[in-house]
Amino acid sequence: MNADAALSAPPVSSTERLIDALFDQASISRAGPLVTGTGTLDGQAIAILATAERAQIGADLALAMARNVLDVMREAPGRPILIVVDNSGHRLGRWDELMGNNGYLAHLSTCLYLARRRGHRVIGLVNELAVSAGFMALGMATDACYAMPEAEVRVMALNAMSRVTKVPLDRLTELCATSPVLGPGVANFIRVGALRGIWSGDLSAHLREALAEMPGERDTRRELGLERGGRTLARDIAAQVRAGV
Amino acid sequence: MIPARHSFQEAGARARIRALLDAGTFREFCGPAQRHTSPHLPTLGMPVAFDEGVVVGEGAIDGRPVLIAAQEGAFMGGAVGEVHGAKITGLIERALDTRPDAVVLLLDSGGVRLHEANAGLIAVGEIQRAVFDARAAGIPVVTVIGGRNGCYGGTSIIARSCDRIIASEEGRLSVSGPEVIEAVEGVEEFDAQDRALVWRTMGAKHRRLIGEIDALVADDMEAFRGAVSESLGKSRPLDLDELEAEHARLAERLARFEGVSDAREIWAALGVNDPDRVSEIEADEFNRLVATLEGARA
């Protein structure tokens with residue numbers, strides 16, 4: 001690579017490398033933190049909606065991602081969508097709040113919901129990091145979300161959590177060892193049912209299997225949380241209220 | 001004589017529900033007598049609430065059936081934990097079975113409850129999905145904001161996933177809290193002590209002016225009741241055309257206000273003659289201003 005190219009092109013991100021490994025062939029383009037395109041696996045085309053470098057999701061990025069989902073619905077009805085999740089949560093800033101970033105994040109989730117209703121399979125895969133609203137707007141908006149073994153998922157880092165809750169850090173750290181609802185980490189998010197599982201080894205095989213699965217009529221995250229012992233009350237409380245008791 | 005206002009903001013969750021529903025129609029589900037409390041709070045030495053900080057049930061407004069949830073802002077800032085969230089999810093899902101004229105969510109929350117962060121985050125996602133399912137079935141979901149905690153974090157995303165948002169002048173709606181922005185990005189980015197800045201960045205009047213909320217009312221139970229009553233049976237379609245229209249609206253805002261740093265610049269650009277007065281005017285005068293601006297644009 002010559003010096004000019006090195007200056008103009010950002011280094012290839014782990015998100016782009018992951019996409020390469022997942023598909024037989026992938027044609028993607030990158031604009032800042034946003035990576036979009038189409039991958040092919042066993043002759044089947046799959047839309048790719050991804051972010052790189054632990055992106056902060058500002059109103060502009062959320063909007064660009066929503067645009068991509070709308071375009072897939074229009075141009076390729078029924079095509080499955082793979083979201084490669086890699087973010088540090090929503091961007092914290094005055095401008096984003098002035099614009100109403102919550103509305104942009106909600107719009108992105110709404111587009112993904114509509115895509116699923118219109119018959120697009122939507123699969124999530126957390127690459128490096130997913131934080132709080134960045135997990136809610138993307139990971140929770142999928143039929144099923146998975147994670148890479150080295151990924152991190154969290155609501156808040158433990159030291160910040162300690163400041164806000166006023167529970168000492170060493171006590172929090174100690175509690176995290178036994179409580180899956182409290183601390184960061186893929187293992188905890190698997191136990192509470194938010195992540196279906198970990199993808200390692202033959203990544204294409206995992207993707208193939210996820211795509212082959214028929215989408216359920218209902219979201220099964222509550223059932224998973226109960227089976228795995230990480231979220232034991234949510235399913236029954238919701239069912240009780242639904243029954244009007 | 002002007003009758004004394006009955007403040008929504010000052011009232012607790014149960015009083016809000018009583019004031020909004022027809023007298024004697026409320027039936028609570030999973031109520032405090034059942035003692036479904038958080039199993040996670042005692043581990044951290046925190047007190048529990050028998051209703052888990054949220055009241056859910058069904059009743060009627062002007063004789064029309066509704067499902068209603070009210071977060072109790074005085075308990076843990078209305079934050080969403082596992083049981084709290086499951087109560088709201090179950091309530092919204094009940095709409096698919098009973099087909100009420102609306103599901104009404106009185107949100108008063110800082111977002112996810114950090115003491116059970118992971119369960120709270122997932123719960124917020126499950127609530128959002130239940131909102132979409134109800135909307136897709138043609139049942140309107142209405143958010144009401146007027147409590148002390150405003151509507152922040154994941155609950156702000158739930159609010160914008162609904163058909164309609166009603167808020168009082170005192171209401172605030174934002175994904176990040178002022179203290180969090182200041183703590184992470186510095187006081188130059190956001191001074192959380194500057195109440196006027198907080199208000200004009202996140203407050204209901206700004207949100208109404210840019211089109212993020214649909215109705216602004218005075219902090220008065222009757223005003224809220226009237227606005228909720230008007231929303232019954234009115235759902236917004238959840239289809240591609242509607243989302244394209246929403247997308248165009250959101251895109252136009254970002255393009256138009258790129259680089260703007262203060263809400264008053266936005267209000268002036270929208271046609272408000274005296275942006276400094278916006279904070280002072282009462283709901284009625286403010287709504288006349290909005291109507292004039294919308295008329296001018298139409």
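**Notebook: helix packing and the A–B interface**

I started with H5(A) and H9(B), which run roughly antiparallel to each other. The model is predicted. I read the angle between H5(A) and H9(B) as about 155 degrees, with the axes 11 Å apart. The crossing of H5(A) past H9(B) is left-handed.

Next I listed who touches whom. From H5(A), I noted A:Gly103, A:Tyr104, A:His107, A:Thr110, A:Cys111 and A:Leu114.

**The whole interface**

How much area do chain A and chain B bury between them? I got about 6600 Å², with 64% of it on carbon and sulfur atoms. The contact draws 72 residues from chain A and 84 residues from chain B. On the chain A side, I looked up which residues lose the most area to chain B. They are A:Arg94, A:Met136 and A:Arg242, together 13% of what that side buries.

**Salt bridges**

I counted 8 salt bridges between chain A and chain B. Over all chains, the count is 47. I looked at two of the pairs by name. The side chains of A:Arg67 and B:Glu244 form one, at 2.9 Å from N to O. This pair crosses between chains, from helix H3 of chain A to helix H9 (residues 240–256) of chain B. A:Asp219 and B:Arg129 also meet in a salt bridge through their side chains, at 3.9 Å from N to O.

I checked helix H3 (residues 59–75) against helix H5 (residues 101–117), both of chain A; their axes come within 9 Å and cross at roughly 20 degrees. That makes H3(A) and H5(A) roughly parallel. Their crossing is left-handed.

Which residues of H3(A) meet H5(A)? I wrote down A:Ala59, A:Ala62, A:Leu63, A:Met65, A:Ala66, A:Val69, A:Leu70 and A:Met73. The H5(A) side gives A:Asn101, A:Tyr104, A:Leu105, A:His107, A:Leu108, A:Cys111, A:Leu112, A:Leu114 and A:Ala115. I sorted the residues of the contact of H3(A) with H5(A) into 15 nonpolar, 2 polar and no charged.

I then went back over the H5(A) residues.

Last pair. I looked at helix H2 (residues 14–22) and helix H10 (residues 203–212) of chain A, whose axes come within 8 Å and cross at roughly 75 degrees. H2(A) and H10(A) are therefore roughly perpendicular to each other. From H2(A), A:Leu18, A:Ala21 and A:Leu22 take part. They meet A:Leu203, A:Ser204 and A:Leu207 of H10(A). I sorted the residues of the contact of H2(A) with H10(A) into 5 nonpolar, 1 polar and no charged.

How values were computed. Residues numbered from 1 in each chain as written. Chains lettered and ligands numbered in written order. Predicted model: local features only at pLDDT ≥ 70, side-chain atom pairs only at ≥ 80, totals over all residues. Heavy atoms only, no water. Axes fitted to C-alpha atoms, helices over the stretch in contact; angles between N-to-C directions. Helix = DSSP H or I, 4+ residues; strand = E, 2+ residues; numbered from the N terminus. Parallel < 35°, antiparallel > 145°, perpendicular 65-115°, else oblique. Left-handed = near helix turned anticlockwise from the far one by under 90°. Contact = heavy atoms within 4.5 Å. Nonpolar A, V, L, I, M, F, W, Y, C, P; charged D, E, K, R; others polar. Buried area = accessible area lost by both parts, 1.4 Å probe. Salt bridge = Lys/Arg side-chain N within 4 Å of Asp/Glu carboxyl O.
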